[in-house]
Amino acid sequence: MARIKKVLQNLSIRKTFMLYMLLFLLLATLLSSVSINLAEDVETQINLAYANSQEQYTLNNGEGNVILSMPPVEYSAADQKVINICKFVEIGSIPIFFGGCIIVAALLFYHNKLKKPIELLSGASAKIAASDLDFHIFYENKDEMGQLCSSFESMRSALEENNRVNWRSVEERKRLNAAFAHDLRTPLT
């Protein structure tokens, strides 16, 4: 299980996004088909209850084909509400489940793959802007965001080294100026 988790963590951003979308679209398809089938079954049960109590008429269309027809059914108020709900479920379940699953997949993808490295990089850039280079960025995943974090860490260490070099040169210049000032003052006195 830990090996699978490590492979998923190191999967590229594009592959991870596609995997999330594929899984959640399959889930949406399953949920939609189950809800549509349940709604159709409920509607069929109601229609069968009314069909058994109704008279059926047979008509002949002149070509020898027999057509069965039933008079319009008068449903009770409760059954009509249930049928309307079933029709709504049959029509609305596909966009509701697909939209919901896409939103959930996108949120989980952001939370699991992007949130932590973005927070690390935002905090690091704020510290760099404040001239605080005494920190390290570590992100364990080897995906694109891990590469970006390691590049950011390289940039931070290069900036820190440049600051040390500049500080040393400033200190050396101060020391040299002090020595020249001392040498100039000594013969004059």
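Predicted model: local features only at pLDDT ≥ 70, side-chain atom pairs only at ≥ 80, totals over all residues.
**Figure 1. Leu133 in the loop between helix 3 and helix 4.**
Leu133 belongs to the loop that joins helix 3 to helix 4, the latter spanning 144–188. Is Leu133 buried or exposed? Its relative accessible area is 10%, and buried means under 20%, so Leu133 is buried. Residues up to four places away in sequence aside, Leu133 touches Ile128, Arg156, Leu159, Glu160 and Asn163. Ala158 is 25 residues from Leu133 along the chain, and the C-alpha atoms of the two are separated by 9.9 Å.

**Figure 2. Arg156 and the ring of Phe135.**
Arg156, one of the residues that Leu133 touches, has its charged end over the ring of Phe135. The distance from this charged end to the centre of the ring is 5.6 Å.

**Figure 3. Asp143 in the loop between helix 3 and helix 4.**
Asp143 lies in the loop between helix 3 and helix 4. With a relative accessibility of 2%, Asp143 counts as buried. Which residues are in contact with Asp143, leaving aside its neighbours within four places in sequence? They are Gln9, Asn10, Leu11, Ser12, Ile13 and Lys113.

A pair of aromatic rings is described by the distance of the centres and the angle of the planes. Two aromatic pairs turn up when the whole structure is searched. In the pair of Phe17 and Phe109, the ring centres are 5.2 Å apart and the planes stand at 75°. Planes over 60 degrees apart count as edge-to-face, so the pair of Phe17 and Phe109 is edge-to-face. This pair links distant parts of the chain, with Phe17 in helix 2 and Phe109 in helix 3 (residues 77–129), 92 residues apart.
Why is the pair of Tyr20 and Phe109 edge-to-face? The planes of the two rings are at 75°, with the centres 6.0 Å apart, so the pair is edge-to-face. Because Tyr20 lies in helix 2 and Phe109 in helix 3, this pair ties together parts that are 89 residues apart in sequence.
Ring pairs link Phe17, Tyr20 and Phe109 into a cluster. Phe109 is buried at a relative accessible area of 7%, and Tyr20 is buried at 17%. Phe17 has a relative accessible area of 32% and is partly exposed.

**Figure 4. A nonpolar patch on the surface.**
Which residues form the nonpolar patch? Leu27, Leu30, Leu31, Val34 and Leu38 form the patch, and together they have about 420 Å² of accessible area. Leu27 is found in helix 2, which covers residues 13–53. Its relative accessibility is 35%, so Leu27 counts as partly exposed.

**Figure 5. The whole chain, for orientation.**
The chain has four helices and two strands. From the N terminus on, the order of the elements is α-α-β-β-α-α. The chain has 189 residues, and 21% of them count as buried. The accessible surface of the chain is about 13900 Å², with 64% of this belonging to carbon and sulfur atoms. Among contacts in the chain with a separation of 6 or more, 67% are accounted for by residues 24 or more positions apart.

Notes:
Residues numbered from 1 in each chain as written. Heavy atoms only, no water. Patch = residues over 30% accessible without salt bridge, like charges linked within 9 Å, V, L, I, M, F, W, Y side chains within 5 Å. Areas by Shrake-Rupley, 256 points an atom, 1.4 Å probe, with all protein chains shown as cover. Salt bridge = Lys/Arg side-chain N within 4 Å of Asp/Glu carboxyl O. Buried < 20%, exposed > 50% of the residue type's maximum accessible area, 1.4 Å probe, protein only. Phe/Tyr/Trp six-rings, centres within 6.5 Å; stacked < 30°, edge-to-face > 60°. Lys NZ or Arg CZ within 6 Å of the ring centre and 35° of its normal. Contact = heavy atoms within 4.5 Å.
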